[in-house]
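Here is a brief report on the inside of one protein model. Keep the structure open while reading.

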Amino acid sequence: MKISTDIGVWVGALSALAIYSVLYKENPVYRLVENIFVGASAGIAVVVGVQTFQNTAWAPMAKGNTLLIVPIILGVLLYTRYLPNVSYLNRIPLSFLLGTAAGVAMRGSIESQIVGQLSATMIKLNSFDAWVIFLGTMTSLAYFFLTYRVTGRAAIITTWGRYFMMAAFGAAFGNTVMGRVSAAIGRFQFIFLKWLGM
Amino acid sequence: MDIFEKLQNLDKRVFYVLMALAIAIPTVSPLGLPISVEAPVQQTYNFVKNLPDGSRVLIGFDYEPGDEIDLNPQAIALFHLLAPKKIKVVAISSFPAGPMFADECLAVLKEYGYKYGQDYVNLGYYAGGEPTLAAFGNKPTSIYSKDWLGNDVASLSLVKELTSMKDFSMAMTLNDGPTGGTGTHEWVRQAVMAHGTPLIMGCTGVLAASNMTYVQGGQCKGILAGLAAAAQLEKLLGKKGTGTVGMDAQSIAHVLIVAFVLLGNVAMILSKRRQKAPGGGASR
C-alpha cells in the first residue's frame, strides 16, 4: 500500500467520500462539497468562456480579421434581455443561432435518421436477427397507428409492438444500470488504487 | 411483519454496503473472470486495424468527468491499436473538461515515440456544438487559433496538413450524450453525411441501445459501449488496462443487482399469495 502524496488526489478522494456520505444520510459535509462543486463548475465555465472568446474572436480580430466584430456584437446583444428597454434586441442573435443550428442539422439528418434507418430495416430475412428487426419495426410502428383503435385479431400486432418496445426499454435500462455501476467503479478505482495505492 | 415483508422493506443502506463491497473487493483483488469479445467490438477492432498506415484520425473527447471511467479506457485501448500503425491523431472536445481527458489518454502515444504537433495534437475545447463541428469539417483551422497547450496552431505541422474532414481516414467520438456538447447524432451528420468520413462511436453504456441503430444501418463502422467494450478491446490487444480491472467489479455488481431484483419480486409475489390465502392478511 502506497498512499498518494499528490494534494489533488487527496482532495478528489476526500470529496468523493464526502459525496458518498449522503447514502447514509444528509449531512453538512456532503452539502459543503456539493456547493463547492457547483461553484467550481460555474467558475470553470466562466474561465473557459473568456478563453474561448479571446482565442476565437478577440485575438484574431486584433490581428486584422475585422469581420469578427459582427459575431461579437451579436453575442453582446444576447445580454440585452437583462435591460427591459432594449430586451427585444436579443431576438436578433437568438434567431440567427436558431436558424443556423436548424440549417446545419438539416444537412444530413433526413438521410442519417430517416432514410438510413429505414433502409436498414429492408434486409434479407435469412436469419433470426433479421426477422426480429423486421417484425420489431413493423409492429412497433403499428402500435403508434392512432387514427383508430385496433381491435379483434389485428390487435395482436400492436400487442407485439408493445412487447418489442418493452424489450428495448429493458435493454436501455440495463445499459443505464451498467453505466451507473461503471461510474461507481471509477471512483472506487480512484480511491483504492490511486489514492490508497492498494 | 413476516420475512417477505421485511425483505421488501429492507433498509436501502444495506444494499449500498453490499454494493460497495461488491465493487471494492474485486477492485483491490481482481478475480480474473473471463471476458468474451462481442461482435460490435470485433467489428470496430477489424475496421481500425485495416486503416492505412500513417493516415490521420480525428477523435472527439465529448464527455464530462462522470463518464471518464467508461470512455478513457476506450480511448487508451484505441491509441494502443493506432500507434503501431503510426496513425496521426487530432483531438478536439466539445466539453470544457474534454481536453484534460484527451491529454491524459494521448500520453500513451509518447510510449510509441509520437511527437506533439507532428504526430498528434490536442486542439482543445470548441464552443457551439454542431455548427462549430460543421465549420471544423469544412476548414479545421477556422475554429482554432491556439491549441490546448497555448501553441499557435499555425506552428503545428499536423494542423498545416489539414484542409477538411475528408483528410481523416476515420473520425471517432467518445461521447456521453448530447447535453452541452456535440452528440453522436451530430457526428453522424457532420462526419459521415457531410464528408463521407467513416465514423466509430465510443459511448457510455446508457447510449448503447440508441446508437446501435447507426451500426446496424451501416452509417457507423463500429461502436464501443461502456467499460465492457474497453475491456474487450484490451483483450483483443493483449493489454490489460483499467477496463479489464473494472470488469470483475462490474460482473459482481450486476449479479448482486439481479439477485436483489429477483429476491424483491419473489418476496412480493409470495407476500401477496399469503395475503390472499384463507386467514392471511397484512400484519399491522
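## Core and central strand

The model is predicted. Its largest nonpolar core holds 85 residues. Those with the most contacts inside this core are Val57(B), Ile59(B), Val89(B), Ala91(B) and Leu199(B). Helix H4 (residues 68–82) of chain B gives the most to the core, with 8 residues. Domain 1 (3–30 + 253–276) and domain 2 (39–240) of chain B both give residues, so the core lies between them.

Now strand E4 (residues 170–175) of chain B. Met170(B), Met172(B) and Leu174(B) point one way. Ala171(B), Thr173(B) and Asn175(B) point the other way, and all are buried. In a regular strand, side chains alternate between the two faces of the sheet.

Which strands pair with E4(B)? The table lists two partners.

| Partner of E4(B) | Sense | Bridges |
|---|---|---|
| E1(B) (residues 56–62) | parallel | 6 bridges |
| E5(B) (residues 199–203) | parallel | 5 bridges |

Ile59(B) stands opposite Met172(B) in E4(B). Leu174(B) has Gly202(B) in E5(B) as its bridge partner. From E4(B) the chain crosses through helix H8 (residues 184–195) of chain B to E5(B). This β-α-β crossover is right-handed.

Methods:
Residues numbered from 1 in each chain as written. Chains lettered and ligands numbered in written order. Predicted model: local features only at pLDDT ≥ 70, side-chain atom pairs only at ≥ 80, totals over all residues. Core = buried A, V, L, I, M, F, W, Y, C linked by C-beta atoms within 7 Å. Buried ≥ 20, exposed ≤ 12 C-beta atoms within 10 Å, placed from the backbone. Helix = DSSP H or I, 4+ residues; strand = E, 2+ residues; numbered from the N terminus. Domains from an automatic or database assignment. Pairing = 2+ DSSP bridges. Right-handed = clockwise from strand over helix to strand, strands pointing away.
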